[in-house]
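Good morning, and thank you for coming.

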Amino acid sequence: MSIGAKRLSTIPAVAAFTTDSAPPPEGRRRAAAAILDTVGVALAGASEPASRAVQHVIAADGGNACTVLGTGSRASASNAALANGTAAHALDYDDMCFVSLAHPSAPLVSALLAAGELAGAPGLRLVEAYVIGFEVEARLGRLMNPRHYQRGWHCTSTLGAIGAAAACSRLLGLDARAAGHAIAIAASEASGLKENFGTMIKPLHAGLAARDGIMAALLARSGLTGSDLALDGPQGFLRAMDSERDDLGREIADLGVRWEIVDTGITVKLYPSCAGTHPSLDAILALRQHEAITADEVERVEIDVDRIVPTILIYDRPATGLEGKFSMPFCAAAAMVYGRVGIDTFEPDALADPDVTALQSRVTMRVDKTLDGTAPALTQARVTVRLRDGRTITHSANGARGYPAQPASDDELATKFLACARRTLAEPASDRALALLRGIEGVRDMRDVTKQLAVERVGA
């Protein structure tokens with residue numbers, strides 16, 4: 001039966017879960033870590049060109065309800081969510097989920113920070129709302145992917161808008177009927193095209209999803225209504241956006257019983273590049289260290305990946321840092337030359353480094369059907385390095401550091417947060433923000449946190 005042939009109505013069930021469910025302690029713990037990580041990368045991304053462009057535009061709109069992270073500016077709730085979501089994704093250093101094939105936290109956290117400021121909400125409510133939004137987004141992702149993603153939709157934006165709407169509905173205290181309308185509104189707002197990967201529009205997608213999510217919840221709270229069939233009706237979200245499967249009712253039957261955030265988890269990025277590069281980067285850095293080789297010894301590098309990776313890593317010879325984040329040849333060459341990949345790897349000096357450009361011309365990427373086809377996309381890689389002395393060395397990766405099976409430690413999260421935050425905030429403010437976010441469930445009013453995130457940029 002084709003998608004939409006059955007006139008199902010699952011929005012009421014999703015809405016009831018949104019308003020009534022009780023996230024488990026482990027889910028809240030993972031959400032709190034994701035919030036910490038996302039605030040850090042948003043602070044680091046606040047001065048990026050895409051972020052500055054958004055900040056410039058929203059300044060003309062006025063409004064002072066909510067904080068624009070890492071600046072001395074304030075904006076309306078929807079505009080703050082737009083700016084902070086863009087900043088959180090600007091460096092491609094924010095977390096991701098292999099079920100939704102999305103970056104869940106950039107839209108969720110950005111929308112929830114704005115909603116939390118509006119409501120003067122305690123940290124515990126924000127953490128719980130994050131889990132709700134994550135679950136809704138993940139269930140849609142499990143149903144719709146990989147077809148939805150392969151068709152060209154950017155799940156961070158499409159699924160992210162709906163997840164953010166559910167999360168904000170929870171945080172703002174909407175009843176189930178209003179929450180259902182918020183989800184229907186978000187389903188009409190959702191968009192985002194993968195063709196814009198490697199440009200400033202990709203981080204904007206996360207900002208738009210955050211803005212659309214909080215806007216949907218606020219509109220529903222004000223009485224705007226939508227269709228209960230907006231997700232799974234004959235002309236609803238699933239059909240219009242090319243879902244892999246059509247039975248959303250079956251997918252959500254155990255909402256509130258089984259938790260995706262616990263079972264499949266969140267992937268924290270330890271490299272500020274597309275997640276499709278991470279298993280390969282781990283393998284390259286392992287070979288470089290364990291075999292004590294340098295870039296000068298390398299004749300060529302061959303990287304085997306799954307069929308999804310080439311649809312994302314679309315730049316063989318990147319001309320900008322943003323393109324470099326979606327270039328396997330550049331990322332692999334930089335890792336081999338420098339022995340690390342960090343935020344500065346994608347600055348102009350590194351992009352033009354003759355050692356990197358020379359080696360990237362000898363990096364090839366190809367799809368290998370013998371890799372584990374049952375594994376989630378973007379988790380499998382095999383790196384073969386052929387050396388000038390005739391030796392060949394190989395390393396395979398199943399996931400990467402920061403993935404759910406190899407989670408980032410508390411110390412790694414704190415180190416990443418401070419390194420990111422101090423690109424924007426003075427050291428004392430960064431330290432205070434870290435302490436508050438580590439204890440977020442005990443925060444009585446989220447405005448106490450956002451105060452620490454709103455100081456002027458260093459040198460401003």
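Is cysteine 66 buried or exposed? Cysteine 66 is buried, because its relative accessible area is 0%; buried means under 20%, exposed over 50% and partly exposed in between, with a 1.4 Å probe and protein chains only. Before I continue, please note that this is a predicted model, in which local features need pLDDT of at least 70 and side-chain atom pairs count only at pLDDT 80 or more, while totals for chains, interfaces and linings use all residues. Residues are numbered from 1 along each chain as its sequence is written, and side-chain values use heavy atoms, with hydrogens and water left out.

The structure holds 0 disulfides, a disulfide being a pair of cysteine sulfur atoms within 2.5 Å. Cysteine 66 is thus in no disulfide, and the nearest cysteine sulfur, in cysteine 168, is 10 Å away.

Let us turn to the strands, which are DSSP runs of E of at least two residues, numbered from the N terminus; helices are runs of H or I of at least four residues. Two strands pair if DSSP finds at least two bridges between them. Strand 3 pairs with strand 5, residues 380-387, in the antiparallel sense over 7 bridges, and valine 305 has alanine 381 of strand 5 as its bridge partner. Strand 3 also runs parallel to strand 4, residues 363-367, with 5 bridges joining them; here valine 301 is partnered by valine 363.

Finally, the second largest pocket has a volume of about 480 Å³. On a 1 Å grid over the protein atoms alone, a pocket is an open set of points with protein on both sides within 12 Å along at least five of seven lines, and lining residues have an atom within 4 Å of a point. The volume is the space filled by probe spheres set on the points. This pocket has 23 lining residues, and those nearest its centre are Arg29, Arg30, Ala33, Ala408 and Leu413. Helix 2 contributes the most to this lining, with 6 residues.

Note on methods. 1 Å grid on protein atoms, 1.4 Å probe; cavity = no way out; pocket = protein on both sides within 12 Å on 5 of 7 lines; lining within 4 Å.
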